[in-house]
Amino acid sequence: MSVRLPSAGSLSCVLALSLLSALAVPASSAQAADFAYIVREGDNPWNLTQRYLKDLSYWPRIQRYNRITEPRRMQPGTRLLIPEDWLKLRTREVKLDAVQGDVVVIAADGRRSAAVAGQLLAVGTRVLTGEAGSAALGFSDGSRVQLRPGSELGVRQSADFAAGAGTWVRLDLLRGSLESLVVPRSGTASRFEIDTPAAIAAVRGTRFRVHAGDADTRNEVIEGRVAFGNAAGEQQVAAGQGASAMRGTPIAPPRALLPAPAAQTLFSDRLPLNLPFPALADATAYRVQVAPDARFDTVLSDRTSSQAAVAVATLPDGEYRVRVRGVDATGLEGRDAEWPLTLDARPEPPVLVSPAPNARISDDRPAMSWSRSRADERWRLQVSASEGFDSLIVDRRDLTEPAYAFEAALPPGSYFWRVASSNPDEGAGPFSDPQPFRRPEPGPAMEAPEASPDGLALRWRSSGEGVSYQLQIATGDDFAQPLVDTRLDSASYLLRDAAPGRYLLRVRSFAADGVEGDWAPVQAITVPEPPPSFQPWWLLPLLLLF
C-alpha cells in the first residue's frame with residue numbers, strides 16, 4: 001500500500017499532536033482546505049467516506065488524492081489529506097455570552113453593530129473590543145473564549161463533524177489577547193485552533209492564553225498541552241510553560257512560567273484604588289485584571305504595569321475578583337493568583353476646607369468647614385491629638401451643616417481632623433484622610449524693662465524648659481528692617497547703646513521640636529534725649545508704652 005504524502009513545504013506546516021491518537025489538523029494556515037487525518041486500526045476509504053464526507057461518491061477521490069494503492073491495508077498512523085469542502089459538517093453558531101464596555105460586532109458583509117450579550121455569531125463574524133471592553137464567547141461543546149481589551153477575533157469555523165466524530169472550532173486572533181478554557185475534545189476528529197499572524201495554537205482540551213501582535217505571538221499554558229507552531233516548526237507547550245513565535249521564524253523552546261504571587265485578601269475604602277502586593281523576584285511587570293465574578297468572562301479593569309499593585313481609578317462599591325500574574329523579561333505572563341476584593345468607598349468623604357493642611361490656628365476656638373455634595377448629606381467629625389485618632393477630643397455625629405466651631409478653648413498643640421459623609425442611599429462612608437493643624441503657643445507676656453548701668457534689660461515670661469525665643473526690635477511698624485533680630489535660649493535680653501527715639505519690640509517662642517509660636521503683642525518703648533548734664537541715658541526715666 002502507498003499513500004501520497006503532502007509536499008515538503010506543506011508537510012512542515014502540519015500541526016500533528018502526538019498526544020492525540022486520531023486528531024485531524026490543518027496542513028497549514030495557508031492551506032486550511034487540506035484536512036489531515038491520522039489513520040486508525042480498521043480505517044479504509046469506504047468507512048472514512050461514510051463517517052466524515054458528504055456522500056459515498058467521495059471515496060475514490062480520497063484514494064486518488066492521497067495515492068492509495070492498497071485501500072484495504074492502510075497502516076495505522078498514516079496521515080491522509082482531505083480537502084475541507086469534502087467534509088460533512090454541520091455549522092454551529094457561536095454565542096456571545098457576556099459583554100462589558102465598548103464591544104463591536106462586524107458581520108461577514110461588513111455591517112457593524114454594538115455587541116449584545118446573548119447574540120449569535122455566524123461564521124465570518126469578527127468581534128472587536130475597545131480599550132475598556134471585553135467579551136466572552138461560548139461554543140456548542142461548552143468551551144469558552146474570553147476576549148480581553150484591545151482585541152480583534154474572527155470566527156472562521158464552528159461546526160460538528162458527522163457521525164459524532166467531534167467538533168471543529170477555528171478562530172483568528174488578529175490582535176490582542178484571549179484566554180481559553182477548552183473542554184476535553186470528544187470524538188476522533190475534534191480540534192480547537194486559534195490562528196494568529198505568527199503561529200497557530202491547536203488543542204484538544206486545555207486552559208491557555210494567546211497574545212497576538214502584528215508579527216509575534218505568545219502562548220501560555222495553564223492546564224493540559226498545546227501544539228504551537230507555524231511554517232518554520234512546532235513546539236509542544238505543557239502546563240506551566242509558555243512559548244513565543246515571530247512570523248517566519250521557528251518557535252522558541254518553551255520556558256517555565258513565573259509562579260503566582262502570594263495569596264492576598266484585599267479591602268479598600270479609598271478611590272482611586274492602589275493596593276500593593278509582594279513583588280515577584282523575576283517579574284519585570286504585572287498584569288492585573290479586576291472582574292465582577294470568578295468566571296472572568298468580562299473584566300472591568302485590565303492593565304499591565306511595572307508597579308506591584310492593584311490600581312484602579314474607579315469602581316462601584318461591591319465584591320470583586322482580582323487576577324494577578326507576573327510578566328517575565330520575554331513578555332510571557334505567568335501563573336495566575338486570584339484574590340477577593342471588597343470595595344467600600346462610598347459615599348466618598350468630603351473635601352476638607354478649613355483648617356488647611358498644616359495650618360496655624362491662633363484662634364483658641366477654631367472654625368472648621370468642608371464641602372457638601374448633596375442636600376440630604378450628614379457628617380461625622382473627629383478631632384484628635386494623634387494621627388491614629390486613639391485620643392479623640394471631638395467626635396460629633398450627624399452634623400447637618402458642613403461646619404463646626406469649638407465650644408471650648410482648644411489648648412495649644414498639634415491636632416488632626418477628619419470627616420465622613422453619610423446619606424440615605426449609601427449609608428455611612430469612609431473618613432477623609434487625616435489633615436493636620438496646629439494651635440501655636442501664644443506669644444510670651446513682656447515684663448517691665450529695667451534700666452541698669454549696662455543698658456536696658458528686657459524680660460518676658462518663660463514658656464518652659466527646652467523652649468527658645470526670637471526677639472525683634474525695630475523702628476517701623478512692619479518690622480521689615482529690624483535693628484535687632486536674634487534667637488535666644490533664655491527669656492531675657494540686654495539692649496545696649498540705644499539712641500534716643502521710639503522703638504517697637506516683639507517676641508515669640510519656639511517649642512523643642514522647632515515649631516514657632518505666635519508673636520506676642522507689639523510693645524513700644526521711647527528712649528528720650530539725654531539732659532544737658534550728660535548723665536547716662538539709661539539712668540533717666542523711661543516712658544513705656546504697652
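This is a predicted model: local features need pLDDT of at least 70, side-chain atom pairs count only at pLDDT 80 or more; totals for chains, interfaces and linings use all residues.
**Exercise 1. The partners of strand 12**

How many bridges join strand 4 (residues 89-91) to strand 12?

*Solution.* Step 1: strand 4 and strand 12 run antiparallel and are joined by three bridges. Within this pairing, Arg90 stands opposite Asp160 of strand 12.

Step 1: turn to strand 9 (residues 126-129), which also runs antiparallel to strand 12, with three bridges between them. Here Val127 stands opposite Leu153 of strand 12.

Step 2: examine strand 13 (residues 167-182). Eight bridges join strand 12 to strand 13, and the two run antiparallel. The bridge partner of Gly154 in strand 13 is Asp172.

Step 3: consider accessibility. Strand 12 (residues 152-161) is mostly covered, as nine of its ten residues are buried.

**Exercise 2. The buried face of helix 3**

Determine which residues of helix 3 (residues 59-66) are buried, and how they are arranged about the helix axis.

*Solution.* Step 1: the buried residues are Ile62, Gln63 and Asn66.

Step 1: viewed down the axis of helix 3, these buried residues fall within an arc of 95 degrees, so they line one face of the helix.

Step 2: identify what the buried residues pack against. Their partners are helix 2 (45-52) and strand 3 (79-83).

Step 3: inspect the end of the helix. Just after helix 3, Arg67 takes a positive phi of about 55 degrees.

**Exercise 3. Backbone exceptions in loops**

Locate two cis peptide bonds and two residues other than glycine with a positive phi, and state the surroundings of each.

*Solution.* Step 1: recall the background. Most residues other than glycine have a negative phi, and most peptide bonds are trans.

Step 1: take the cis bonds. One joins Leu271 and Pro272, with omega about -5 degrees; Pro272 is placed in the loop between strand 22 (266-268) and strand 23 (273-276). Another joins Ser354 and Pro355, with omega about 5 degrees; Pro355 lies in the loop between strand 29 (352-354) and strand 30 (359-360).

Step 2: take the positive phi values. Phe296 has a phi of about 60 degrees and is found in the loop between strand 24 (285-291) and strand 25 (301-305). For Asp497, phi is near 50 degrees, and the residue lies in the loop between strand 42 (492-495) and strand 43 (501-510).

Step 3: classify both by accessibility. Phe296, at a relative accessible area of 0%, is buried, whereas Asp497, at 68%, is exposed.

Key:
Residues are numbered from 1 along each chain as its sequence is written. Side-chain values use heavy atoms; hydrogens and water are left out. Buried means under 20% relative accessible area, exposed over 50%, partly exposed in between (1.4 Å probe, protein chains only). Helices (H or I, at least four residues) and strands (E, at least two) are DSSP runs, numbered from the N terminus. The arc is that of the directions from the helix axis to the C-beta atoms. Contact means heavy atoms within 4.5 Å. Two strands pair if DSSP finds at least two bridges between them.
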